[in-house]
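These are my notes from a first look at a structure that was new to me. I looked up a few things in turn and wrote down what I found.

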Amino acid sequence: MSLVLRNLQRAVPIRRAPLRKKMEIVRSILGVQKFDLGIICVDNKNIQHINRIYREKNIPTDVLSFPFHEVTATHGLCHLLGFTHSTEAEWQEMYQKEKQVLEELSRRTGTRLQPLSRGLF
């Protein structure tokens with residue numbers, strides 16, 4: 001199991017050691033232990049380009065650019081585990097999982113984190 005962090009943007013300062021520690025907690029909460037994870041933070045221009053290529057949506061997405069890096073990575077991990085938010089039913093399921101994980105992460109780290117998709121539908 002490995003965690004690779006890359007910061008390819010300069011808009012938001014990222015401290016790798018705290019992010020790494022929190023992502024290990026999120027992995028533990030989700031019960032995800034047996035796969036490698038890479039987190040790459042990019043700016044809006046690059047994420048919009050990636051979104052256009054892979055999802056045919058010519059808009060930036062917050063999955064990699066949201067300023068709460070723990071939330072962003074939790075959101076991304078949920079996607080990697082198969083959760084989506086294309087419909088309201090899918091959003092409800094993913095929102096509940098993110099909320100559960102972030103509440104536990106907040107409890108363990110003394111933060112107050114909310115899911116990225118809050119208020120989506």
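I started with the words for accessibility: buried means under 20% relative accessible area, exposed means over 50%, and partly exposed lies in between. The model is predicted.

Entry: I searched the whole structure for salt bridges and got 4. I then followed those of E104. E104 bridges to R108, with the closest N and O atoms 2.8 Å apart. Both residues sit in helix α4, 4 residues apart, which is about one turn of the helix. R108 has a relative accessible area of 42%, so I put it down as partly exposed, between the limits of 20% and 50%. E104 also bridges to R107, and there the closest N and O atoms are 2.5 Å apart. R107 and E104 are 3 residues apart in α4, again about one turn of the helix. R107 is at 59% relative accessibility, over the 50% limit, and therefore counts as exposed. Through shared partners, E104, R107 and R108 form one network of salt bridges.

Entry: How far apart are N and O in the salt bridge of E24 and R27? I noted 3.7 Å between them. The two residues are 3 apart in helix α1, so about one helical turn separates them. I also looked up their accessibility. E24 is at 28% and counts as partly exposed, while R27 is at 0% and counts as buried.

Entry: the strands. I looked at how β1 (residues 3-7) and β2 are paired, and found the parallel sense, over 5 bridges. R6 stands opposite I40 of β2. Strand β2 covers residues 37-41, and I listed its two faces. L37, I39 and C41 make up the covered face. G38 and I40 make up the uncovered one.

Entry: the cysteines. A disulfide is a covalent bond between the sulfur atoms of two cysteines. How many disulfides does the model hold? The count came to 0. I checked the accessibility of two cysteines as well. C41 has a relative accessible area of 7% and is buried. C78 is also buried, with a relative accessible area of 0%.

Entry: the nonpolar core. I asked which residues of the largest nonpolar core touch the most other members. They are L3, M23, V26, L30, I39 and L105, out of 20 residues in this core. At least two core residues come from each of β1, α1 (16-30), β2, α3 and α4 (88-109). Helix α1 gives the largest share, 6 residues. Domain 1 (3-55) and domain 2 (68-109) each supply at least three residues to this core. I then took L105 and listed its contacts, leaving out residues up to four places away in sequence. L105 touches K22, I25, V26, I29, E70, T111 and L113.

Entry: a loop residue. Where is I59 found? I59 lies in the loop between α2 (44-55) and α3 (69-80). Leaving out residues up to four places away in sequence, I found that I59 touches Q48 and N51. I also noted the C-alpha to C-alpha distance from I59 to H49, which is 8.0 Å. In sequence I59 and H49 are 10 residues apart.

Conventions. Residues numbered from 1 in each chain as written. Predicted model: local features only at pLDDT ≥ 70, side-chain atom pairs only at ≥ 80, totals over all residues. Heavy atoms only, no water. Contact = heavy atoms within 4.5 Å. Buried < 20%, exposed > 50% of the residue type's maximum accessible area, 1.4 Å probe, protein only. Pairing = 2+ DSSP bridges. Disulfide = S-S within 2.5 Å. Core = buried A, V, L, I, M, F, W, Y, C linked by side-chain atoms within 4.5 Å. Domains from an automatic or database assignment. Salt bridge = Lys/Arg side-chain N within 4 Å of Asp/Glu carboxyl O.
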